[in-house]
Structures are given as structure tokens and as C-alpha cells.
2 protein chains.
Amino acid sequence: MAELILHEYAPSGNCYKIRLTSAHLGIALERRGYDIVTGETRTPEFLATVNANGRIPVLQIGERFLPESNAACVWLAHGSDMIPADRFDQADMLRWMFWEQYNHEPNVATLRFWLAFIGEDKLTDDQRRALAAKRAAGEAALTLMDEHLATRAFFVGDRLSLADIALYAYTHVAGEGGFDLARWPAVAAWVDRVAALPGHISIAD
Amino acid sequence: MAELILHEYAPSGNCYKIRLTSAHLGIALERRGYDIVTGETRTPEFLATVNANGRIPVLQIGERFLPESNAACVWLAHGSDMIPADRFDQADMLRWMFWEQYNHEPNVATLRFWLAFIGEDKLTDDQRRALAAKRAAGEAALTLMDEHLATRAFFVGDRLSLADIALYAYTHVAGEGGFDLARWPAVAAWVDRVAALPGHISIAD
């Protein structure tokens, strides 16, 4: 296999998804860190060589660069049982991963970043005005997850898939954004279930 | 194949993605329309049977329901040449599809919906305040596409894939949201290229 380098900001849940997938698969990653708070992913060099979109994570596979956390997870898990073999289940896994990027990450992850990394007193007026809407949308996302998990152990089929990885990354640290997971007991139980699996690593590893 | 029903709002680009994929593959879809402007996807019946997330499109496959436009396209195109066979190219296709949902749709599609479907005079104060940021983010998305397309005919590999379908849907009607595609000539040429392919159908079909 080509050498794999993860271009990342370690506390980012999107970057953690890739490390967690690799850990479950036993794939070694070299890690290269950038401080997104000080703009290290917006330098001309980063934009020209790593990702024109100015974002991490990017998975470097030999000489090629693959942005977007969920796409990198799919590349890593290719042919493994972290991607269901069944046609419907495979698409349903992607359904949760697209939903994560559209409905979950912009709310649950963004509030964590604003409150725990930037700090509420340093938010712009626009960010401050968006807080309530993002809080409501994040709560709606957690409620949808809770209803789905009320009758099943994992998001798709009966075992861990990339849908769980994608959603675990920011859900298990949602408390840092002010979401109390005790309100969503099926989500809290699933978080414990994922963390107890063999091969699991923490976001701080 | 199980009977396929597309639960949709016809002018939505997300719904059009599924019809366009089906047209290229020669797959027949039954269509069932809902008016999102009057809330027909938020009724108790829709939430209980079609999509707890209250959104269209949903692809119904026999008795099962698959939300998220890009996931539905992947289900439809399974095993076809609209999904590259190569492992990297397959993940790279998904990379553009995740990027579409995170960076493109919330800006390019949302401005079209606000300006051409709701009407600028009927926007809420929050929406009005968000216009400038969404305009800038939409322009940045189109610029990234333009740079990528400057040296290639399609997003991944050398032929149409679901990455093109996902990005074409809202890009070709970006003018309705006030984006003048003449500013992004490689994007404009790619729009013409996609529309000229055999099997293409218009969003109004």
C-alpha cells in the first residue's frame, strides 16, 4: 500500500474519523498537524499542494490527496466489513454520512468549535446570532439519531460501519458544545457501545 | 428490481439528481410530489412513513426508504460506469459529493431557493443577514470548481460520474440565485458538456 499521511488538526472530529477507521482496520497513518485556529490550512503552500479548499482533514495516499473526511474513510475501509456488502445497506450507510455532513456537523460540531475552541466571548456578532438556530438544529439531529437507535445497536445492519464512525466523532464530544447527551439515552448508550468495541481509540490518542 | 418511487419536489436540484441518474441508466421511476413551501414533507404521516428528517428527496425501493439525494444516486448507479471502478477514483467521486453537500448546496442552492422560490421581500431577518456570507461561500465553491475543471472535462476520471451529477444539479441553475456563470468559464463549459451528453434530461422534464 502507498504511504498514508493524514494532514490534520488533531482535536477535529473530522480528522478523528480517519484515525478511528484506521485503528479498527489496523492501518498505519503518519500524522501531520496544522493549527486551523491560526490559519495554517489557508497558506498558499497548503492551498497549492494539499487542498485548494483550505480544510483538513486530507488523506495523502502516496502522491495523491483526498479531502473530505467521509470520503477518506471510504477509501480506507474499501473491501472491509466496515462497509456493508449489501447494496441497500451500503447506500444507507452513505445516507447517514451525507446526513452527518449536512444536518449534524454544521450544528453539533460548529457549536463545539465556537464554544470550546474559540470561546463564546470571542464570537462575531453573526456567530452569536446563529447560536440559537444551530442549537435547535443540533438538538433535532440528536433526536433523529435517538429515535433511530432506540431499536437498534448500530446505524446500519447489526455491526459497526462507517456510518457509526462518522456520527460518533462529533456526537461523543457534543457536551463540549453544550449538548447534554443524557437527554438522548439511546444515543448515550450507543456512544458507550462504540467506545467499548475492540480496536477503539479515543480522540485524544 | 423492486418498484422505485421518488418522493420529491420537482424543482429541487436534489430531486433532479436522482431523475438525471435514472435517465442516464435507463431506470424507470414513479414520481410522487410534495410541496415543500407549504410543508407537505413535515406532516405526521410523511415523518412516520417516508422520512423522519422531513425532507425530500427520498427514494423508495420496494418497502424501504432511502433519504439523501447522493446516497440514492449511489444506490441507482451501483455496478454501473457512473461510479468509477478504481478505488481512489471512487473515493474521489464521493469526496466531491460530500463537498457538494457541505460547501456548495447550503450556499448555491439555498440562495436559489430564497431568491427564486421564497422571494427576497419575504425573507426573515436572519435569512437576510445571511445573504452576503452565503453569496461569498457560493462564489468560493464555484471558483474551486472552475479551477478543477480548467484542466479536465469531468470531475473524476475522463467521463461522467455521480460527482458531475451531484454538482450539475444546482450549478446549472445557479443564475436563479444570482450567480452569473460567465464569471466561471470552465464551469460554464462543463455545464454545456454535461447537458449535451446522450441520455441527459432537463430539470423541467
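In the predicted model, buried residues account for 54% of the 205 residues in chain A. Chain A exposes about 8300 Å².

The secondary structure of chain A consists of seven helices and four strands. Along the sequence, these elements follow the order β-α-β-α-β-β-α-α-α-α-α. The radius of gyration of chain A is 17 Å, close to the 17 Å given by the globule rule for 205 residues. Chain A is therefore as compact as a globular protein of that length. The C-alpha trace of chain A spans about 45 × 45 × 30 Å along its principal axes. Contacts were also examined by sequence separation. Of the contacts in chain A between residues at least 6 apart in sequence, 69% join residues at least 24 apart.

Helix packing was considered next. Two packed helices are described by the angle between their axes and the distance between the axes. In chain A, helix α1 (residues 13-25) and helix α3 (residues 69-77) have axes that come within 9 Å. These axes cross at roughly 10°. Angles under 35 degrees count as roughly parallel, so α1(A) is roughly parallel to α3(A). On the α1(A) side, the contact is made by Asn14(A), Lys17(A), Ile18(A), Thr21(A), Ser22(A) and Leu25(A). On the α3(A) side, Ser69(A), Asn70(A), Ala72(A), Cys73(A), Leu76(A) and Ala77(A) take part. By class, the contact of α1(A) with α3(A) comprises six nonpolar, five polar and one charged residues.

In chain B, helix α5 (residues 125-149) packs with helix α7 (residues 185-195) at an angle of about 75°. Their axes are 7 Å apart. This angle makes α5(B) roughly perpendicular to α7(B). Leu142(B), Met145(B), Asp146(B) and Leu149(B) of α5(B) meet Pro185(B), Ala186(B), Val187(B) and Trp190(B) of α7(B). The contact of α5(B) with α7(B) holds seven nonpolar residues, no polar residues and one charged residue.

Burial was examined for helix α3 (residues 69-77) of chain B. Nine of the nine residues of α3(B) are buried, so this helix is largely enclosed by the rest of the structure. The buried residues are Ser69(B), Asn70(B), Ala71(B), Ala72(B), Cys73(B), Val74(B), Trp75(B), Leu76(B) and Ala77(B). Just after α3(B), Gly79(B) adopts a positive phi of about 80°.

Conventions
Residues numbered from 1 in each chain as written. Chains lettered and ligands numbered in written order. Predicted model: local features only at pLDDT ≥ 70, side-chain atom pairs only at ≥ 80, totals over all residues. Heavy atoms only, no water. Axes fitted to C-alpha atoms, helices over the stretch in contact; angles between N-to-C directions. Helix = DSSP H or I, 4+ residues; strand = E, 2+ residues; numbered from the N terminus. Parallel < 35°, antiparallel > 145°, perpendicular 65-115°, else oblique. Contact = heavy atoms within 4.5 Å. Nonpolar A, V, L, I, M, F, W, Y, C, P; charged D, E, K, R; others polar. Buried < 20%, exposed > 50% of the residue type's maximum accessible area, 1.4 Å probe, protein only. Rg over C-alpha atoms; globule rule 2.2 N^0.38 Å. Areas by Shrake-Rupley, 256 points an atom, 1.4 Å probe, with all protein chains shown as cover.
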